[in-house]
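Take a walk through this chain with the model open beside you.

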Amino acid sequence: MSSPDPQVRAARNPASRSAVRGPVVAVTGAASGIGALLTERLAASDEIKQVLAIDERRGECTSATWHVLDVRDPAIAEKLRGADVVVHLALDLDLESDPAARTAYNVRGTQTVLTAAAAAGVHRVVLCTSTMVYGALEDNELPLAEDAELRATAEATGVGDLLEVERLARRAPRAHPGLNVTVVRPAVLVGGTDTALTRYFESPRLLVVAGSRPAWQFCHVDDLCSALEHAALERVDGELAVGCDGWLEQEEVEELSGIRRMELPSAVALGAAARLHRIGLTPSPAGDLAYTMYPWVVSGSRLHESGWRPQWTNEEVLTELLEEVAGRRTVAGRRLGRKDATAAGAAGATVALLGTAAVVRRVRKARRRI
């Protein structure tokens with residue numbers, strides 16, 4: 001019988017990892033989401049000497065060394081001592097989070113981790129943002145170069161926070177000489193995720209703004225974790241875009257998904273989205289719509305040149321996304337209950353949109369009576 005794979009042996013016997021010459025990697029946000037997936041991946045790798053897992057609660061990876069604390073706590077510096085690399089994934093991008101609290105957590109957390117890493121003698125920090133920071137603009141090239149100007153604004157969910165994280169990343173090497181900062185920017189992330197862009201595919205009809213030019217590029221969480229590991233092993237640095245090769249036009253998305261479009265004039269779509277968000281009926285601001293209107297596809301040339309390749313195609317990721325959201329119904333970014341979803345599915349997006357407008361009128365009338 002053949003001997004177990006080295007990664008499997010290391011995961012089963014953490015003590016044997018002391019002989020590994022690879023880096024000690026700390027992961028923040030390690031108990032859930034991408035952080036949990038990356039922690040498990042690194043803990044199973046025979047190229048990683050030790051994994052330090054940091055979160056506000058203990059996660060399930062038994063072969064990592066856990067430190068339970070808030071990333072905004074300056075005491076994190078002591079927990080990072082001995083680490084070679086920190087992968088910072090403790091970001092709150094939840095659609096339902098209070099925006100002010102979310103920003104305070106994301107910005108303060110990133111500031112603290114960068115400062116603590118420098119104080120602890122860590123020589124590399126890997127940050128994760130999104131290709132959304134490039135902005136979705138009508139005149140964007142297809143694809144954008146990785147060193148293209150970041151032209152996004154803070155009008156879409158969480159993008160203002162990500163732009164601030166990017167600013168901190170650029171400033172950190174000057175503030176902390178010797179600290180290398182690598183930024184990984186995934187495309188539309190799929191695989192157990194819930195974002196304004198994944199909810200787009202929960203609608204009974206795909207909203208298309210008249211005159212727009214959408215282009216869709218996806219990133220599977222497996223590929224993101226692989227790219228983060230690649231950066232943690234110092235095989236590539238700088239500003240990196242990660243996602244599937246190429247992109248899908250809107251017509252291809254509609255053909256693959258089998259979901260028909262509903263086309264609206266720009267003024268109507270943007271105006272309705274702004275009003276619904278303003279009165280609290282939808283979690284997504286009108287700025288999110290731009291990312292379904294104009295291209296923001298990015299070349300992943302730097303990762304490719306370093307020997308990394310995505311394992312997923314856009315078509316495969318879209319198929320998985322459709323399987324994940326099957327049975328869910330969202331209108332204008334608002335996830336509907338089972339009864340509402342049945343009505344929306346049967347009546348179509350137009351009726352659902354009119355129904356939402358009726359809710360708006362009821363809310364306004366109720367407020368006037370108060």
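Some ground rules come before the tour. Helices (H or I, at least four residues) and strands (E, at least two) are DSSP runs, numbered from the N terminus. Axes are lines fitted to C-alpha atoms, for helices over the stretch in contact, and angles run from 0 to 180 degrees between N-to-C directions. This is a predicted model, in which local features need pLDDT of at least 70 and side-chain atom pairs count only at pLDDT 80 or more, while totals for chains, interfaces and linings use all residues. Residues are numbered from 1 along each chain as its sequence is written, and side-chain values use heavy atoms, with hydrogens and water left out.

Begin with the whole chain. There are 13 helices and 15 strands. Of the 370 residues, 51% are buried. Buried means under 20% relative accessible area, exposed means over 50%, and partly exposed lies in between (1.4 Å probe, protein chains only). A contact means heavy atoms within 4.5 Å. Take the contacts in the chain with a separation of 6 or more: residues 24 or more positions apart account for 77% of them.

Now look at helix 8 (residues 250-257) and helix 11 (residues 314-325). Their axes lie 10 Å apart, and the packing angle is about 50 degrees. Angles under 35 degrees count as roughly parallel, over 145 as roughly antiparallel, 65 to 115 as roughly perpendicular and the rest as oblique. Helix 8 and helix 11 are therefore oblique to each other. The crossing of helix 8 with helix 11 is right-handed. The term has a simple rule: a crossing is left-handed if the near helix is turned anticlockwise from the far one by less than a right angle, and right-handed if clockwise.

Which residues of helix 8 and helix 11 make the contact? Helix 8 supplies Val253, Leu256 and Ser257, and helix 11 supplies Glu315, Leu318 and Leu322. By class, this contact of helix 8 with helix 11 has four nonpolar, one polar and one charged residues. Ala, Val, Leu, Ile, Met, Phe, Trp, Tyr, Cys and Pro count as nonpolar, Asp, Glu, Lys and Arg as charged, and the others, Gly among them, as polar.

Stay with Ser257, which lies in helix 8. Is Ser257 buried or exposed? Ser257 counts as buried because its relative accessibility is 18%, and the cut-off for buried is under 20%. The side chain of Ser257 reaches the backbone oxygen of Val253 at 2.8 Å. A polar atom of the Ser257 side chain also lies 3.1 Å from the backbone nitrogen of Ile259. Not counting residues up to four places away in sequence, Ser257 touches Leu206 and Leu322.

Helix 4 (residues 99-119) and helix 5 (residues 159-175) have axes that come within 10 Å and cross at roughly 15 degrees. Helix 4 and helix 5 are therefore roughly parallel to each other. Helix 4 passes helix 5 in a right-handed crossing. From helix 4, the contact uses Arg102, Thr103, Asn106, Val107, Thr110, Gln111 and Leu114; from helix 5, Asp161, Glu164, Val165, Leu168 and Ala172. By class, the contact of helix 4 with helix 5 has five nonpolar, four polar and three charged residues.

Tyr105 also sits in helix 4. Tyr105 is buried, because its relative accessible area is 15%. Leaving aside neighbours within four places in sequence, Tyr105 contacts Glu56, Asp70, Val71, Arg72, Ala90, Leu91 and Asp92. Tyr105 and Leu91 are 14 residues apart along the chain, with C-alpha atoms separated by 7.5 Å.

Next comes His88, in strand 4 (residues 85-88). His88 is buried, with a relative accessible area of 2%. The His88 side chain makes a polar contact with the side chain of Thr28 (2.7 Å). A polar contact is a pair of N or O atoms within 3.5 Å; within protein, one must be able to donate a hydrogen and the other to accept it, and residues adjacent in sequence count only if both atoms are side-chain atoms. Leaving aside neighbours within four places in sequence, the residues in contact with His88 include Val71, Gly109 and Thr110.

Finish with two loop glycines. Gly243 lies between strand 11 (239-242) and strand 12 (248-249), and at 9% relative accessibility Gly243 counts as buried. Gly211 lies between strand 8 (206-209) and strand 9 (215-216), and Gly211 is exposed at 69% relative accessible area.
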